[in-house]
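The sequence and the structure are shown first, and the description follows.

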Amino acid sequence: MRNNSGEEFALKLIPKAKTRTTTLKRFKNEIQFCLRNKHENIVSVVDWGLATDSPEEAKNGPFCVMPYFSKTLRNLIDEKLTPERALAVFAKILDGVEAAHLRNVVHRDLKPENILADGDQVVIADFGIAHFSQEDLL
């Protein structure tokens, strides 16, 4: 999706049928963490809400809007990163992990598909099963 300025965004939606209490709690924690954390190597959330007006039940439920990234680390690996580029990407991932750990957040699902990239920008995404300190929990 694009806004009026032409910027691209991604939508993460939890279908209403899958909104068990624990799933909803984890999603709310993920949104709150990504809203508050402004580190350049952690994905940001720009909006969130509850979709309720779709006639298709699978398209209703809590959602968040994030910047769109065209690639994942898996794509970069498949493109055969140069050693220099691999080190630069790895350094950015470590910076993001450190920023999360300084907030007492442990991701617990770091994998190539949860590292997003666009040009030189690299961010950690999908804090859905992260461990949050007690003060970060809703």
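Asn-104 is partly exposed, with a relative accessible area of 43%. In this predicted model, Asn-104 lies in the loop between α3 and β5. Its phi is positive, about 60°, although Asn-104 is not a glycine. Most residues other than glycine have a negative phi. A second residue of this kind is Arg-108, which is not a glycine either and has a positive phi near 70°. Arg-108 belongs to the loop between β5 and β6, and it counts as exposed because its relative accessibility is 51%, where the cut-off for exposed is over 50%.

The table gives the relative accessibility of several residues discussed in this report.

| Residue | Relative accessible area | Class |
|---|---|---|
| Asn-104 | 43% | partly exposed |
| Arg-108 | 51% | exposed |
| Asp-47 | 41% | partly exposed |
| Cys-34 | 2% | buried |
| Cys-64 | 1% | buried |

For Phe-33, the contacts with residues beyond four places in sequence are with Ile-42, Ala-100, Arg-103, Val-105, Phe-127 and Phe-132.

Helix α1 has 16 residues, which at 1.5 Å a residue should span 22 Å; the end C-alpha atoms of α1 are 23 Å apart, in agreement with that expectation. Which residues of α1 are buried? They are Phe-27, Asn-29, Glu-30, Ile-31, Phe-33 and Cys-34. An α-helix has 3.6 residues a turn, so residues three or four places apart point the same way. The buried residues of α1 are covered by elements including β1 (9-13), β2 (47-51), β3, α3, β5 (105-106) and β8 (131-132).

How many disulfides does the structure hold? The number is 0. The sulfur of Cys-34 has its closest cysteine sulfur in Cys-64, at 7.3 Å, and this is too far for a bond, since a disulfide requires sulfur atoms within 2.5 Å. For Cys-64, the closest cysteine sulfur is likewise that of Cys-34, at 7.3 Å and too far for a bond. Cys-34 is buried, at 2% relative accessibility, and Cys-64 is buried as well, at 1%.

Asp-47 is found in strand β2 and is partly exposed, at 41% relative accessibility. Leaving aside neighbours within four places in sequence, Asp-47 is in contact with Cys-64 and Val-65. The C-alpha atoms of Asp-47 and Met-66 are separated by 7.4 Å, while the two residues are 19 residues apart along the chain.

The elements that give two or more residues to the lining of the pocket are β1 and β3.

Conventions: Residues are numbered from 1 along each chain as its sequence is written. This is a predicted model: local features need pLDDT of at least 70, side-chain atom pairs count only at pLDDT 80 or more; totals for chains, interfaces and linings use all residues. Side-chain values use heavy atoms; hydrogens and water are left out. Contact means heavy atoms within 4.5 Å. Buried means under 20% relative accessible area, exposed over 50%, partly exposed in between (1.4 Å probe, protein chains only). Helices (H or I, at least four residues) and strands (E, at least two) are DSSP runs, numbered from the N terminus. The expected span of a helix is 1.5 Å times one less than its number of residues.
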